[in-house]
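This briefing concerns the charged residues and helix packing of one protein model. Please consult the sequence and the structure shown below alongside the notes.

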Amino acid sequence: MPMFAPSRPQDRPVFDASFQASFVELLAWRRDVRRFRRDEIPEALLGSLLDLTALAPSVGNCQPTRWVRVDDPGRRTAITANFETANKAALGTYDGERAQTYARLKLEGLREAPVHLAVFCDEGTPQGHGLGVLTMPQTRRYSAVCALHTFWLAARTHGLGVGWVSILDPASIAATLDIPADWSFIAYLCVGWPQEEHLAPELEREGWQARTAHSLLRR
């Protein structure tokens, strides 16, 4: 468990205009990466990034996120086959020009990424003593997503890219990785050094979907 100890814990940190501008750049350059170099990631770096995820918010401080590193070639092959089956089914739901656009999108980096991480939520964790989940148990899963996003941003500060592969059958993932029955599958991440850098998401560059601002309702 990492220990986050500011030099003067009684003082609130000051995030000046320069830091704020850099943070905006970090968010803009986060990007979902699908094209990776095969260079290895230093183990110490990967470990420190995973440690930082303990700083992410979690309901009741239950820390339900469970990380599974997938190194076994056979399991990786099974995950890739899982994607190919799901991707073929997804392609079949589109017609015409939209189908052609979908077919040319690169939607994963499973073969190239040096590190594969599966993210799960431990639905049965005793941590947190059930605080905040009686009426909304799904907040445990939201907490795992917060940890995932924290990892993603931290990785980007070191030049690493992360790709979220969502075109997968969750039940098959659980069987392939032999995980506990009360862990819910959240995400499968490819992690590595990007082959190229882009400010605009690939889905925008390929004409699939432009980014739009979130709406705000007031009541």
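K106 forms a salt bridge with E112, their closest N and O atoms being 3.4 Å apart; a salt bridge is a side-chain nitrogen of Lys or Arg within 4 Å of a carboxyl oxygen of Asp or Glu. The model is predicted, so local features need pLDDT of at least 70 and side-chain atom pairs count only at pLDDT 80 or more, while totals for chains, interfaces and linings use all residues. Residues are numbered from 1 along each chain as its sequence is written, and side-chain values use heavy atoms, with hydrogens and water left out.

**Salt bridges**

- K106 has a relative accessibility of 19% and therefore counts as buried (buried means under 20% relative accessible area, exposed over 50%, and partly exposed in between, with a 1.4 Å probe and protein chains only).
- The search of the whole structure finds 14 salt bridges.
- R104 forms a salt bridge with E206, with 3.0 Å between the closest N and O atoms. This pair links distant parts of the chain, as R104 lies in helix α4 and E206 in the segment after α7 (202-205), 102 residues apart.
- R104 is partly exposed, at a relative accessible area of 48%, and E206 is partly exposed at 28%.
- R34 forms a salt bridge with D32, where the closest N and O atoms are 3.0 Å apart. R34 is buried, with a relative accessible area of 11%, whereas D32 is partly exposed at 27%.
- A network of salt bridges links D32, R34, R35 and E202.

**R31, a buried arginine**

- R31 is found in the loop between α1 (17-28) and α2 (43-52); helices (H or I, at least four residues) and strands (E, at least two) are DSSP runs, numbered from the N terminus.
- R31 is buried yet has no salt bridge, and the nearest side chain of opposite charge, E204, is 6.5 Å away. For charge, Lys and Arg count as positive and Asp and Glu as negative, while His and the chain ends are not counted.
- A polar atom of the R31 side chain lies 2.4 Å from the backbone oxygen of A28.
- Leaving aside neighbours within four places in sequence, R31 is in contact (heavy atoms within 4.5 Å) with W152, V162, H198, L199, A200, P201 and R211.

**Helix α3**

- Helix α3 (residues 73-91) has 19 residues, which at 1.5 Å a residue should span 27 Å; the end C-alpha atoms are 27 Å apart, which agrees. The expected span is 1.5 Å times one less than the number of residues.
- R76, I79, T80, N82 and F83 are buried in α3. They cover an arc of only 155° around the axis, which puts them on the same side of α3; the arc is that of the directions from the helix axis to the C-beta atoms.
- The exposed residues T77, T85, K88 and A89 are on the face of α3 turned away from its buried side.
- The cover over the buried residues of α3 includes β2 (115-122), β3 (161-165), α6 (170-177) and β4 (183-192).
- D72 caps the N-terminal end of α3, with a side-chain oxygen 3.1 Å from the backbone nitrogen of G74.

**Helix α4**

- In helix α4 (residues 96-104), A99, T101 and Y102 are buried. Their arc around the axis is only 160°, which puts them on the same side of α4.
- E97, Q100 and A103 are exposed on the other side of α4.
- The buried residues of α4 pack against α3.

Methods:
Polar contact = N/O pair within 3.5 Å; in protein donor to acceptor, adjacent residues only side chain to side chain.
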